[in-house]
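Okay everyone, thanks for coming. Let me put the structure up, and then we'll walk through a few spots together.

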Amino acid sequence: MLSATTSPTHPPSDLLDPTSAAYKKARRQYWKTTHNRRQSIDADWTPFRAAEKKYKSRFPPPDLSGVLDVAVSDKSRADEVERGGWRGRSDAVRCREIELKLGKSPMNRKAYIFPGRPGLVLLPSFVPPEEQRRLVRWSLCEQARSPNETNLDAHYFLPEQGLWNKYVEARRAVTADECVVPRAIGSSTSSDAVSSCGPRQLISNEPVSKENYATIASSPKPSPVPSASPRPMHVSELVPKLRWANIGWFYHWGSKQYDFTRGRGAVGGHIASVCKAVVEAVPWDEVFLDDHGAICNWSNEGPDWSSWTETYEPDAGIVNFYQTKDTLMAHVDRSEVNATSPLVSVSLGCAAVFLIGGLTRDVEPIPILLRSGDVVIMSGPACRRAYHGVPRILEYTLPPHLDVHDDHDDWELYKEYLHTTRININVRQVFPKDFDPFLKTSC
């Protein structure tokens, strides 16, 4: 019970070879699941849904030639690209290279902006390898533990020191591989307060603004109900089931709004510094002014990017832990009062296909291959509330600088976990700097 992950068996080249066992297995599975499928099933798909289906496909493996992959033209990342096998093209999507404001910093000075998506910025390899390792440790050791909520807290009595920390102790033989008890079994909760299995309910939340904030903030946000289906599991079995950990203001998944009655959780000083460094490095005039010096579409309140170096204050976010078969379907982040301030997203571990469209699912999305150390910024009114998602985590793409052996620390456990995992840290600013949420709710 002490192995949290299992390394993949077949590299991508096997999945692309029609004579390989991996290809034949994927083909059998495809036939099994699609033989009764209606031929015209894709006729009603939106452009975003069609793209999700394309890159999510296990058979045939998706063609990434239409996916922007700036790493393929970066000689310093050649080993990373070759090792993973999956590759897109550096010219697959129309974009423009800009120079970052980094002074004498050794970080990659290049970034890319997208004429069709004003406010979208890609900063490849912005986070150096050693910093990536530090953020991986922070995500698992410090953030995925009390008082920060995770997806497992609603259903299990998790170890106080955190699931990952307990797992590390067990692997070091400091403690036993503890059996974690489900809340439905280990509490006095009545059967009426325990949820039964059933289809997932889709929730469409109202976009938050200064005008409706007080109403939304005061709406009921009941605690999640423990599921009746979980069984007792060892810590090592639960580690791969970790999907997210909260940062800052507590997000209420049942209503897709923040629960401000719980107060503001901590935003680690280190991740806040990383995000601020990202925002300060971007020449925002180049992002939002067109070739004629005109401002790209903005809200009635006017542009505010010129003051972001002073007003940007990350106060909420989430750490996502994706396993290689996980997906994040198209969604919009509209729970923040501040609908223009940068949302900073850091990729760690395995690579992924990221899709970003427009204000509806009818806009065809841009596909971008994100690798470990890459940063994406979504900002401004057209991009901040655009539909986006992650239809595919790409197998075998852990970069060499994270797949290293170190006799002097416990990185071996992190490396084992990361072989089948992508960690994404995304942080945003809920309130404009001059907005007092508690004054608004008391009126």
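**A walk through the model**

Let's start with helix α10: its buried residues are Ile271, Ala272, Val274, Cys275, Val278, Val279 and Ala281. Keep in mind that this is a predicted model. As for its length, α10 runs over residues 269-281, which is 13 residues, and spans 18 Å from first C-alpha to last, close to the 18 Å expected.

Okay, on to the surface. Lys24, Lys25, Arg28 and Lys325 gather there in a patch of positive charge. Arg28 sits in helix α2, residues 21-34. Is Arg28 buried or exposed? It has 51% relative accessibility, and exposed means over 50%, so Arg28 counts as exposed.

You'll find Phe157 in the loop between α5 and α6, and Phe157 is partly exposed, at 34% relative accessible area.

That loop between α5 and α6 also holds Pro147, and the peptide bond joining Ser146 and Pro147 is cis, with omega about 10 degrees. Another cis bond goes from Phe59 to Pro60, with omega near -10 degrees; Pro60 is in the loop between α3 and α4.

Last stop, backbone angles. Lys256, in the loop between β7 and β8, isn't a glycine, yet its phi is positive, near 55 degrees. Tyr396 has a positive phi as well, near 65 degrees, and lies in the loop between β15 and α14.

How values were computed: Residues numbered from 1 in each chain as written. Predicted model: local features only at pLDDT ≥ 70, side-chain atom pairs only at ≥ 80, totals over all residues. Heavy atoms only, no water. Patch = residues over 30% accessible without salt bridge, like charges linked within 9 Å, V, L, I, M, F, W, Y side chains within 5 Å. Areas by Shrake-Rupley, 256 points an atom, 1.4 Å probe, with all protein chains shown as cover. Salt bridge = Lys/Arg side-chain N within 4 Å of Asp/Glu carboxyl O. Lys, Arg positive; Asp, Glu negative; His and termini not counted. Charge placed at Lys NZ, Arg CZ, Asp CG, Glu CD. Helix = DSSP H or I, 4+ residues; strand = E, 2+ residues; numbered from the N terminus. Buried < 20%, exposed > 50% of the residue type's maximum accessible area, 1.4 Å probe, protein only. Expected span 1.5 Å × (residues − 1).
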